[in-house]
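Please look at the sequence and the structure while I take you through several of the features.

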Amino acid sequence: MSITSAQKKNKLPADSHLRRWVDGAVVYQVYPRSFQDSNGDGVGDIPGIISRLDYLKDLGVNAVWLSPFYPSPMADFGYDIADYRDVDPQFGTLDDFKKLLHEAHARSIHVMVDLVPNHTSDEHEWFAQSRSSRDNPKSDWYIWKNAKSTLPDGTPQPPNNWLDVLTGASAWQWDETRRQFYLHSFHAKQPDLNWQNPAVRAAICDVMRFWLDLGVDGFRVDAVYWMAKNPDFTDDPPVHPVYAKGPATNYHTLRHDNSMGWPEVYAYLSEMADVLKEPAYRTADGETDRFMVTEAYPEGKSSLDAYMAFYQGVDPAVAAPFNFDGLVLPWQARTWRISLASFHAAMATCGPRAMACYAFGNHDQHRLASRWPEVAARGIAVMQCTLPGMTFVYYGEEIGMHNVTIPADRVQDPATTGGATGGGGRDPERTPMQWSDELNAGFSTAGRTWLPLADDYRTNNVAAQTKNPHSFLTLYKKLIQLRHDCDVLRYGDFAVLPMVTPHVLGYVRSFEGKRRVTLINFSPEPVVPELDLELRTCLVSSDPRSKLTESFVSSTSVELLPYEAAFFEAA
Ligand code: GLC
């Protein structure tokens, strides 16, 4: 189907399908420190990423999202930015980034960069100015407050009880020069910007323009809930012990009702979204073509309400929130049926451009293949690649990389046992990419890499899996290829199948009279789901032992192996 000029102008009725690079895109998250080291210092870098673009092209991804590569003291491994408009020498130069952009685009791979609007590094020049006095021009670019009181020994007490996400200690840091506290919702080296200040908002919009002018296609926007807090700075209430969830860390002793997630966040993000719609960033047809995906875990809220607030509060033509159900829901058919049906029913009210953005892994979460048995993780790959919208694949998930146990003397992550993630930190899911059975898995020639390699890298690596027709990687490639070739997957409507068989999730994608069906068995037993539609060829199964051979042509009755997920043409 070709796009009519009316569609291009977005004037067709709500069910029209608009084709943009984001529609159905598979986005591959690169954590630059761990992807490929080109200069033997044990840390990945941008020239390294460039050298692996052919791999990404072959994998078939439509875009990459690069976690931060900006100048940084690396207190939070790049999420503490000291200069929004340059590249940290550890990762290369701005010219290297420009080359990466050019080379990626030459391979039809779009590039999204990480944008961290809530905080900078304490080594950013804005903060250096802000902390220099109480009356400099940037004095209110950050959040400064007087001590609430002073102990008899002279120790100043923080203005309220808010806690820092990474360590669970007070989110306030005393500064001797201003003799005031500054707020850091994350690490003490990540002071929060004051988003109530229009000059700060304008400065971040300028940062966006800087990267858009270079040609980046979009942003992943970090930690957005913290941009807006209770302007009265009221204490966070304690969690009622009966309702306490998650790891019992100091951070989780409070409900973060006041320190994050105030409604102004949508207005702030809308200002950013407006930048994406400026004439300079439209295509020759006048279409908006840039996009941003926002990171907000629906902590303490209904996830559906939380996601919908973003679709309703920020123009869904250019922005969407991550759907993190793949990180938080149990692997249960009934839960997923309810979640997908309600999410997509609500999405349908948000207009034809509203985009689901599914993530089943990222640099803050345990590896998929460590959260679930490998058979289930393969089923998740089928699900992830057959759902509507954008889907995000964290580097290494395509070969089923596992969490790596980090010896105490090699720990890097500043997150501690008191913080939101609890014990163990996030290093286990950030270890170097496993390319081959060579030294350091082909990641680096260094004597020591920044994080240790997984023990299994000699057998579990890209080179070995490329040769194996039944490997995780082969499955992913097949799925991504299918998504690429199949309009139904990229643009099709979505409906959960009413299913009487327990432990099975089924859904239909449909587009221009064609239908495709995904069936997923969530149980360790084989199952024959009751279906009231006719399945045709099975296009892919998660399980190499599947009985759903390619010769299978038409049936209303199929047997799924334990945890098998399969994708079919349907009548
Ligand atoms: C986001 C990032 C995480 C970082 C935090 C602070 O949650 O994903 O890695 O530590 O924000 O920037």
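I begin with a pair of strands: E16 and strand E18 (residues 565-570) run antiparallel and are joined by six bridges. Two strands are said to pair if DSSP finds at least two bridges between them. Helices (H or I, at least four residues) and strands (E, at least two) are DSSP runs, numbered from the N terminus. Within this pair, Thr518 stands opposite Phe567 in E18.

Before I continue, a word on the basis of these values. This is a predicted model, in which local features need pLDDT of at least 70 and side-chain atom pairs count only at pLDDT 80 or more, while totals for chains, interfaces and linings use all residues. Residues are numbered from 1 along each chain as its sequence is written, and side-chain values use heavy atoms, with hydrogens and water left out.

Strand E16 also has strand E15 (residues 504-511) as a partner, and these two pair in the antiparallel sense over eight bridges. Val508 has Val517, in E16, as its bridge partner. E15 and E16 form a hairpin with two residues between them, and Glu512 in the turn has a positive phi of about 45°. Is strand E16 (residues 514-521) mostly covered or mostly uncovered? Six of its eight residues are buried, so it is mostly covered, where buried means under 20% relative accessible area, exposed means over 50%, and partly exposed lies in between (1.4 Å probe, protein chains only).

Two further residues deserve mention for their backbone angles. Most residues other than glycine have a negative phi. Ser108, in the loop between helix H4 (94-106) and strand E3 (110-115), has a positive phi near 60°. Arg179, in the loop between strand E7 (172-175) and strand E8 (180-183), has a positive phi of about 50°. Arg179 is partly exposed, with a relative accessible area of 46%.

I turn now to the ligand. Which residues come nearest to the ligand, of the 13 around it? They are Asp76, Asp222, Glu295, His363 and Asp364; a residue counts as near if one of its heavy atoms lies within 4 Å. The shell divides into seven charged, three polar and three nonpolar residues. Here Asp, Glu, Lys and Arg count as charged, Ala, Val, Leu, Ile, Met, Phe, Trp, Tyr, Cys and Pro as nonpolar, and the others, Gly among them, as polar.

The protein buries 96% of the 310 Å² that the ligand exposes when taken alone, with areas from the Shrake-Rupley method and a 1.4 Å probe.

Next, the cysteines. How many disulfides does the structure hold? It holds zero, a disulfide being a pair of cysteine sulfur atoms within 2.5 Å. The closest cysteine sulfur to that of Cys205 is in Cys357, 20 Å away, and therefore too far for a bond. Cys357 is in no disulfide either, as the nearest cysteine sulfur, that of Cys350, is 12 Å away. Both are buried: Cys205 has a relative accessible area of 7%, and Cys357 is at 0%.

Finally, Phe443 lies in the loop between strand E13 (390-394) and helix H13 (462-467). Phe443 is buried, with a relative accessible area of 0%. Although Phe443 and Gly42 are 401 residues apart in sequence, their C-alpha atoms are 8.2 Å apart in space.
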